Amino acid sequence: MHEMSIVSALVEQVRAFVPVDATLLSVRIEVGALEHLDDDVLRSLFGLLTEGTPLAGAGLAVERVPLRVRCAACGTEHAPPDPAALFCPSCGVARPEILAGSGVTLSSIEVDVPEGGE
Amino acid sequence: MKIPLVEKVGKQNDEIAALNRVDLRAAGVRCLNLMGSPGCGKTLLLEKTLEALRGELSIGVITGDLTTTRDAERIARHTKAVVQINTGGGCHLEAHQVRQGIGKLDLPSLDLLVIENVGNLICPVGFDLGQDVKVGMFSVPEGEDKPAKHPQLLLQAGLLLLSKVDLMPHVPFRLDVFLADLAAIRGDLPVLALSATTGQGLGAWLAWLRAFAAGPAI
C-alpha cells in the first residue's frame, strides 16, 4: 500500500504547476507495467488528499505503460508481455535493461485559466 | 488548457536519496539496502554477519519496521552503530527517514551501512534510499514462486539471497522451478543460498560483503 506515498508526492508536484488563479481540472499520470499500484486506490487517495484544497474536484487519469526492455547481451529491444518472462527473442537470455514500464510519471495537467487573468 | 509534463512522481524522494549517497560516499561508506518478506531472516542474518565480521569491518545498521524496537535491540547486541526507524504503519523506508538515520551515525567510523528495509517484497522496491546496491532476500518456506511474483525486485537487485536453506528437506520447495523462474527474469543475477541458523553458505555471503565493502566509493 505505497499508493499513499506516491499520491502525496504527486499532489505536491502538481501544486507547483498550477498557475495562480487557475482551476485544476484533471491530472494524467503514466504508471509502468512493473508497478504494483492499484488504479482505484490511486484515484481515491487523490480525491482524499486534494479535498478541501484549491486542487479539490480534479480527476486523476491513470495510463499504463507497457514494459519495454533492451537485452544487455545482444542489444535487441523488445516488449515482453509478461514481466516474469523476459527472455530476449533474439539471443534467448534474460538480461533486460528497462527502457519503459517502471515508475510513475506525471504526464499532463489540465487547468482552467480565467480570461483576462494576466 | 492542457499542460504537457514529464516529471517523475516521487522525485522529492530521489533528491534526498542523492544527498544520502553524496554523504555516504564522502565518508567512504558503502551502503546496501536489504529487502525481503517479514520473517525471511533479515535480522538474524545481520546478527550473524556482525559477529562474523567483528574487528574486520565496521558496519552500521539502519533498521526499518512499522513498530517496535525489537530488531534494533537484537542488532545492538552486536554493534553500537544501529538506528531503528519506526514507519508508524508505513510499508517501506523512504530516503528522508534514512537521512535522519544517517544523521545519528558516525559515518566516518563505518566501512559499510546496511539498511534493513521494512519486511515487504513490493513497496520498498521503488524507493531509492541512496544505497550502492539493493539486495533481495527470499526464504525457502515462502515457496519457489517468489521470483515469478516479484520481477521488479529482481530487476533492481544486485544480489539475491535464498535463506533458510536448512529447511529445504522439511517444506515443499522446488529449487529447479525457483531457478528457472529467476533465469527467465534475470539470468545474470548472482544468487547465494544460505542458512543463518546453521551457517551454511555464510562464507560466500561474507566474501561477497568483503568485496562489496572494498569496492569503489565512486
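1. Two strands pair if DSSP finds at least two bridges between them. Keep that rule in mind for this predicted model. In chain A, strand β3 (residues 68-71) is joined to β5(A) by four bridges, and the two run antiparallel. One bridge can be named: R70(A) has E97(A) as its partner in β5(A).

2. Now look at the sheet around that pair. Three strands form an open sheet in chain A, in the order β4-β3-β5, and the pairing is antiparallel. The edges are β4 (77-78) and β5 (96-100) of chain A. Each has a single partner strand, so one side of each is left without a neighbour in the sheet. Strands of a sheet pair through backbone hydrogen bonds, either parallel or antiparallel.

3. Next, the domains of chain A. Domain 1 covers 1-66 + 101-118, and domain 2 covers 68-100. Their centres, taken over C-alpha atoms, are 31 Å apart. Six residues from domain 1 of chain A and five residues from domain 2 of chain A make the contact. On the domain 1 side, four of the touching residues are nonpolar, two are polar and none is charged.

4. Chain B has eight helices and eight strands. What radius of gyration would a compact globule with 218 residues have? The value would be near 17 Å; chain B has 17 Å, so the two agree. Along its principal axes, the C-alpha trace of chain B spans about 55 × 55 × 35 Å.

5. How much of chain B is buried? Buried residues are 47% of the 218 residues in chain B. Take the contacts in chain B with a separation of 6 or more: 77% of them are between residues 24 or more positions apart.

6. The two chains also touch. Chain B gives 29 residues to the contact and chain A gives 33 residues. On the chain B side, the elements that give two or more residues are β1 (2-8), α1 (11-26), α6 (151-156) and α7 (175-185). Of these, β1(B) gives the most, with seven residues. The chain B side divides into 15 nonpolar, seven polar and seven charged residues.

7. Which strand of chain A pairs with β1(B)? The partner is β6 (residues 104-112) of chain A; the pairing is antiparallel and has five bridges. Across this pairing, L106(A) stands opposite E7(B) in β1(B).

Terms used:
Residues numbered from 1 in each chain as written. Chains lettered and ligands numbered in written order. Predicted model: local features only at pLDDT ≥ 70, side-chain atom pairs only at ≥ 80, totals over all residues. Domains from an automatic or database assignment. Contact = placed C-beta atoms within 7 Å. Nonpolar A, V, L, I, M, F, W, Y, C, P; charged D, E, K, R; others polar. Rg over C-alpha atoms; globule rule 2.2 N^0.38 Å. Buried ≥ 20, exposed ≤ 12 C-beta atoms within 10 Å, placed from the backbone.
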